[in-house]
Amino acid sequence: MSSVSVRVKNSTTLNATKDVWSTPSFDTEMWDTANMHDLSTNPQLLTVQTAGYYLSIADIDWNNLGYGSGLRYASIYVSTMAHGRAAIGSAKGTNSLLKQNVKSLDYFNIGDTIKLSVLQTSGYATVPYAPQLMSHLLAVNTDAVRVRSSVNISVPNATWTTLNFDTEVFDSNNLHDAVNPDRLTAPADGYYLIIGNILWALAAAGNGERGSRILHSDGTLLARTGIASAPGTAYSPNPITNSATMWYMSAGDYVVLQAYQSEGSALNVLTSELFPGFMMIRLLYQ
C-alpha cells in the first residue's frame, strides 16, 4: 500500500477575530498523495479517503503585534469534535512570535473531515503566520489505543502521580483494561508511538511547575515536558502539558502517564473531551 499523507499551509496571514473560533483555508499543498485536500472546494478541510489510524499535526505561529495580552488556542477538529488542543498565554508589550504545535492520534472513517481552528482573546485581530496542517495514515489495522479520564484527578504537591483512565475512545486489541487502568500495554513486539496530554486547573498564585512524563514498565523515562506556571488571571490559559515519544516495546511491556505540579498544595488535572488523554499505536512498515 502506498503512503497516504498530506501537508498543507496558508501562504498568507489570517485575521483571527477576538473570541471567535476561526478556520483557516489552505492554498498551498506541500504534498497530497491521496487527494485529501481540494484547493477549489472546501480548501479548509482534509477529507479522509482511506479508513485507518492517522497522526495529525498542526503548526501555528502567532504574531503578538505588541499588544500581547490574552489567550491563544489551536484545535484539530475531526468532523465537529475537537481531537487535539494547545493553549498558551501572551504578555503585553511584546512583539514576538508565539508558536503552537498540536498532535492527535485518531481512527478515521472514509468521509471524515479534518480542520484547524484557532481562537484568540487579546482584543486585537492577532494574526497567525502561515498555519500548517498535516495528516498521515499510520496503519489500516494495527494495535492502537486512545483513552481519557471522565473525572478530574487530584495531584498532590511535588509528587509524580500516575493517572488512571476510565474511558476508551478506541482500543483495537486490549491495550487498556479496567484491572490496570493506568497502563497501556504492548500486545506484540514492535516500535510504538506514544502521546500523553494533560490539562491543568488554574491556580490563583500560579507558583511552581506543571509537568507530564511517560514511564516504561522497567522504569525508563521515555518523555518529559515541563512548563513554568503563571498567576491564574483572566489572561492566563489553563496550562497544557504534552509528552510524546517513540519506543521499542516487547509484548507485555507497558507505559504510564504521570503528572507533576509544585503549586504548594493539591491541584487538579481537568477532564474534558480531550484531557487527560493517553494514546499509543504500534507502527507498521507499509
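Predicted model: local features only at pLDDT ≥ 70, side-chain atom pairs only at ≥ 80, totals over all residues.
Residues are numbered from 1 along each chain as its sequence is written, and side-chain values use heavy atoms, with hydrogens and water left out.

Let me start with the charged pairs. A search of the whole structure finds 3 salt bridges, a salt bridge being a side-chain nitrogen of Lys or Arg within 4 Å of a carboxyl oxygen of Asp or Glu. In one of them R146 pairs with D106, and the closest N and O atoms are 2.9 Å apart. Because R146 sits in strand β10 and D106 in strand β7 (residues 97-108), this pair ties together parts that are 40 residues apart in sequence; strands here are DSSP runs of E with at least two residues, numbered from the N terminus. R146 is buried at a relative accessible area of 5%, and D106 is buried at 1%, where buried means under 20% relative accessible area with a 1.4 Å probe and protein chains only.

Another salt bridge joins D143 to R282, with 2.8 Å between the closest N and O atoms. This pair links the loop between β9 (127-139) and β10, where D143 lies, to strand β21, which holds R282, across 139 residues. Both D143 and R282 are buried.

There is also a salt bridge between R210 and E263, whose closest N and O atoms are 2.6 Å apart. R210 belongs to strand β16 (residues 209-216) and E263 to the loop between β19 and β20, 53 residues apart.

R210 brings us to Q261, since R210 is among the residues that Q261 touches, as are W200 and E209, contact meaning heavy atoms within 4.5 Å. Q261 lies in strand β19 (residues 254-261) and is buried, with a relative accessible area of 0%. Its side chain reaches the backbone oxygen of S265 at 2.9 Å.

Finally, the nonpolar cores, which are sets of buried Ala, Val, Leu, Ile, Met, Phe, Trp, Tyr and Cys residues joined through side-chain atoms within 4.5 Å. In the largest, of 31 residues, I194, I214, V255, F278 and M280 touch the most other members. Strand β15 supplies the largest share of this core, 4 residues. A second, separate core has 25 residues, including V8, Y54, F108 and L133.

Technical notes. Buried < 20%, exposed > 50% of the residue type's maximum accessible area, 1.4 Å probe, protein only. Polar contact = N/O pair within 3.5 Å; in protein donor to acceptor, adjacent residues only side chain to side chain. Lists of a residue's contacts leave out its neighbours within four places in sequence.
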